[in-house]
Each structure stands twice: as structure tokens, then as C-alpha cells.
Amino acid sequence: MNKVTRLLHIQYPIIQGGMGNISHANLAAAISEAGGLGTLGVGTMTLSQVEKELVNIKALTNQPFCVNIPIRVQPNVKEVVQLILDYNVPIVSLSAGNPKPLIPVLKEAGVTIIVVAASVKQAKKAEEAGADIIVAEGYEAAGINSAFETTTMTLIPQVADAVDIPVVAAGGIGDGRGVAAAFCLGAEGVQMGTRFIATKEALVHEHYKQKLMESTDVDTLVVGRSLGKIRRLLKTSYAEELLELEKQGTSLEEFDRRTDETHHIAGAIYGNIDKGHLNGGQIAGLIRDVPTVKELIESMIADVSQLSERLKTTVK
Ligand SMILES: Cc1cc2nc3c(=O)[nH]c(=O)nc-3n(C[C@H](O)[C@H](O)[C@H](O)COP(=O)(O)O)c2cc1C
């Protein structure tokens, strides 16, 4: 047990990050059932879809689970918060925006608050606003990313030194070595996105899982830098088209249209990978199999135990 597992009432300090269009009840419940913390990614959902997912996850697990609100992109934030309270959701993660206005009402209802931060300044502000846990996310991560470009390796120890609340590392973690490294850097848990997509329970198209398994260390790219909409994607013909459009000076409207939810769904859910994008982090190069969530978590934890023994003998 450490501070993260105690605060979240979970067995292992492994969190699945919210993933719009991907982390529905099925995947999130499997992760909570396996001893980690599953998260519903509701940032792309209507209110009735959010409610349906809450009903579904409660039917699938009695373990704690989390709901992620990506503040800037979330439609109907106030109403989603009300649903969270109505359904007694125990943990909420707030990302992509200022969490301060949302924290008091959630805390008053006893909800544990995780805030995702990409810099020391953001982490300190979140702590002051009442966050219970910081997820510090580095530039290796999949999906919408920070303009700071600070990597996990450099971000975690600096955030851990700057705040008193526990820090969870995100971005570039995919196996027990990543967990052990995160702990060495001062984190007390990890959050993963990319690795959880290549599991049996993730309801994405097989082409997405196949693409993850075929990826090498250099098979992601970052689009949208020049437009202030930074996003890390798996390298596909569609992602390269986006990059080319950007080089040609495309408008923000056109870029937004080409990276909207319909294009994400086309790639990730329908497997039309030349017609839509696939979010993917740099850890994709490490993925070579599609285990169940339980197999993945258990093998990661077993590896951490072995590694901690190795650390004792090699650092003598
Ligand atoms: C398909 C996909 C969708 C994502 N959507 C969100 C989101 O809605 N909100 C959020 O805070 N993070 C989102 N993320 C980021 C993850 O929650 C997580 O922090 C990140 O993937 C960790 O880095 P990794 O991919 O290297 O494991 C998304 C990631 C992926 C792969």
C-alpha cells in the first residue's frame, strides 16, 4: 500500500487514463476489477451517453472507478458534474483546462480529485485548488499534449519535489520497468493510455491493435504544433497527411475538422486508418502482444518486484 492506493482504495497504483471514444465501461471496469483504477473517458459523450456508461460500469464492477473530464473539450460540464454526484462516482480526474472552479463542489460531495498537469506550475496550482493527486504527464504521451514538451523523465522528479500530494507518472509507461522507473523518479503510481488500448477488453478496431504491435520506437508523430493543437498520433498515412496540410499552412478550422471525433472514430473504432487518426504514445514501440487487462497488470506488478530486487544488488 502507498498513498495512491490508500487514497483511491485500489490494490495496485496503476491508473488507466481517460480516453475519449475508447475507455468505455467495458475497459474501465476490467481495469478496476484487476486491481487498478479504470477511468471512463466521457469528453466526447452526450449527457445520455455519460449516464449510460455510468449505469454500465456500476453493473460491471463494485470496485472504485474514475470519470475523466477534459475541461476545455467536455460538452455540458456542469451537467456531467451533476451526473457524477447523482451516481456517487468516487474519483474524478480533471484535465485540459482550469480545474479550480470544479473542485469545491466535487470535494464537498467526498469525491477524490486527480488533476492532470504538464508542468510544475500547473501541479502547484492544482494542489492549492484542492487536488488530492497529481498526474504529471510527459510529452511521450498519446493524444492531446502540452506545448511545454517536457518529458516524463524530467517532469516527474520536479513535480514530486514541488508538491506535497502524491504524484502519478503518465506518458511512456508500458511495462514493469516503466513503473519501477516512475517510482525511482518520485512518483507513487502510473497512468497509462496507449498500452491499455492493446488489450483484449479495449473495444477498438483490430487494425488499431495491429498497428500498435507493429510500431517501432520512431512510429509516432506530433501534429498541430504550429496551430497550438498539439496531438501525438501513431504514424499512419492519415497522420502524415495532417502534417503535410499543416506544412502547407492549413487553417485552424480545417485542421480541427480533420482531427474531430468523427475522424478519430473512423480510425480507432472502424479501423479506416487512412481516413482517420489513431492516438498513440511513444511507448507503442514496446507493444508486441494483446493480453487481457488482468494478465497485463499482473505481469507488470511481478516485474516491478523483480526489478526492485535487481536495483538493490546493482546499485550497491
Ligand atoms: C485514444 C486516447 C484518447 C485520450 N483521451 C484523453 C482524454 O479524453 N482526456 C485525458 O485527460 N487524456 C486523454 N488521453 C491521455 C491518456 O489519458 C493518458 O494520460 C496518456 O495516454 C498516457 O500516456 P501513454 O499513452 O504514453 O500511456 C488519451 C489517450 C489516448 C491514447
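Select C184 to start: this residue sits in helix α8, residues 176–184. Helices here are DSSP runs of H or I with at least four residues, strands are E runs of at least two, and both are numbered from the N terminus. The model is predicted: local features need pLDDT of at least 70, side-chain atom pairs count only at pLDDT 80 or more, and totals for chains, interfaces and linings use all residues. Residues are numbered from 1 along each chain as its sequence is written.

**Stop 1: helix α8**

Is C184 buried, exposed or partly exposed? C184 counts as partly exposed because it has 13 C-beta neighbours inside 10 Å. A residue is buried with 20 or more other C-beta atoms within 10 Å of its own, exposed with 12 or fewer, and partly exposed in between; C-beta atoms are placed from the backbone.

Now colour G178, V179, A180, A182 and F183. These residues of α8 are buried. Show their partners next: the buried residues of α8 pack against α7 (152–162), β8 (167–170), β9 (190–192) and α14 (293–314). Contact means that two C-beta atoms, placed from the backbone, lie within 7 Å.

Step just past α8 to G186. This residue takes a positive phi of about 115°.

**Stop 2**

Draw a distance from C184 to F255, C-alpha to C-alpha. The two are 39 Å apart in space and 71 residues apart in sequence.

**Stop 3: two domains**

Colour domain 1 (3–201 + 292–314) and domain 2 (206–283). These bounds come from an automatic or database domain assignment. Taken over C-alpha atoms, their centres are 23 Å apart. Their contact takes 20 residues from domain 1 and 19 residues from domain 2.

Which elements give two or more residues to the side of domain 1 that touches domain 2? Select β7 (143–144) and α9 (194–197). The largest share, three residues, comes from α9.

**Stop 4: α3 and α4**

Select α3 (residues 47–60) and α4 (residues 77–86). Their axes come within 10 Å and cross at roughly 20°. Axes are lines fitted to C-alpha atoms, for helices over the stretch in contact, and angles run from 0 to 180 degrees between N-to-C directions. The two helices are therefore roughly parallel to each other. Angles under 35 degrees count as roughly parallel, over 145 as roughly antiparallel, 65 to 115 as roughly perpendicular and the rest as oblique.

Show side chains at the contact: L47, V50, E51 and L54 of α3, with E79, V80 and L83 of α4.
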